[in-house]
Amino acid sequence: MSDEGWARRLGGGTHAPVAAVVSLGVAAVGESVSRAVAGDADPQLVLVLGLLALATTAPPAFLRPMPAAVAVSAAGVLSLGLFHGLTVAGLVAQLIVLYRLGRAGGQVVATCLAVPYLVLALVRGADAMTVLAASLGLTAAWVGIARWARDEAVVHRAARQAVAESLVEHTARGERARIARELHDVVAHHISMIAVQAETARLTTPGLPAEGARRLSEIGDTARAGLTEMRRLLGVLREDAPSDIAERHPQPGLRQLTELLDDVRDTSGAGARLIVSGTPAGLDPGVELAAYRIVQEALTNARRHAPGAAVDVELHYTEEALRLRIRDNGPGPPAAAPAGGHGLTGMRERAAAVGGRLRTGPAAVGGFVVEASLPARAAR
């Protein structure tokens, strides 16, 4: 077995291997008793020395690293202090328990348990076993502490890597959701305009040949089919699209609302008013973009569900927030709204992304209304 395998077996478990402890105990008792008998000691002293030798080796088999280290160290110091002797097996057991305690995270206790041997070595002089216990005990404790520190570093490194990977994944999902919203807001807006323009041209052009009317109808049908397919694909993009870096372009803001309303008037022929109240103040670019996209999506929904209805876009500035209100005078929402659309969800997500809130529903005087309150400064 490799050195690292032995270190893992000695330091990784709650108790030391029983076979190793039994071997050390037998060796310690045998060495202690043979010394006592050779010195013509009393039988009682032989028994005491045998029990003390067993106490310097047996605790690791039954106790956790800290109490085992305390018991073995106390027995070892007692053996050296009273009887001026420590068995080789007892010294080995002392090194093992100090290493295990250091590797288990008991840095301070492991170091303190090695100090009494150092004190005995300084007081009693150059006794070989005492000097070995003092020097090797500190070494074993510090080696165990070093292994514990290395293992902790590995765990923390793995945790940091897991957090970093989770953050990257979360960022990628957020970016995919943002791209999906941008595609829906921009592409759906223009495709809807194509469908509306084709239908308007077919219905309002006098003397239009039948072939021309058919082609305009096909253009409208193709645009609506493309819009349906795009919405289906957006559901995939929100979950599974790769996190490629999108090409960046200047984003629109509230200054472009006039152009947006002009497009609505030109394409649908319906009235569209912009009503501004309060003192216009500088807003965060993110808040301006969110406001523009909410208005754009609300106008697209009005053209789709209430064609020909007039629309009022109201901007009310306060010191703390910008309040939006987009209302049409159409028939209002149907009793059963179609499922699967991203428009209202995208508007709510945009408002929430800057720390605002959004409400949609039937207006009190008829039609449909979208109301949003966006803070002057985006939430961080």
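**View 1. Glu288 has its place in helix α10, residues 285-305.** Helices here are DSSP runs of H or I with at least four residues, strands are runs of E with at least two, and both are numbered from the N terminus. This is a predicted model, in which local features need pLDDT of at least 70, side-chain atom pairs count only at pLDDT 80 or more, and totals for chains, interfaces and linings use all residues. Residues are numbered from 1 along each chain as its sequence is written, and side-chain values use heavy atoms, leaving out hydrogens and water.

**View 2. Glu288 is buried without a salt bridge.** Buried means under 20% relative accessible area (1.4 Å probe, protein chains only), with exposed over 50% and partly exposed in between. Which side chain of opposite charge is nearest to Glu288? That is Arg255, 4.4 Å away; a salt bridge needs a side-chain nitrogen of Lys or Arg within 4 Å of a carboxyl oxygen of Asp or Glu. Lys and Arg count as positive, Asp and Glu as negative, while His and the chain ends are not counted.

**View 3. Glu288 touches Pro252, Gly253, Leu254, Arg255 and Leu283.** Residues up to four places away in sequence are left out of this list, and contact means heavy atoms within 4.5 Å.

**View 4. Strands β1 (residues 272-277) and β2 (residues 311-317) pair in the parallel sense.** The pairing runs over 6 bridges; DSSP must find at least two for strands to pair. Leu274 has Val313 in β2 as its bridge partner.
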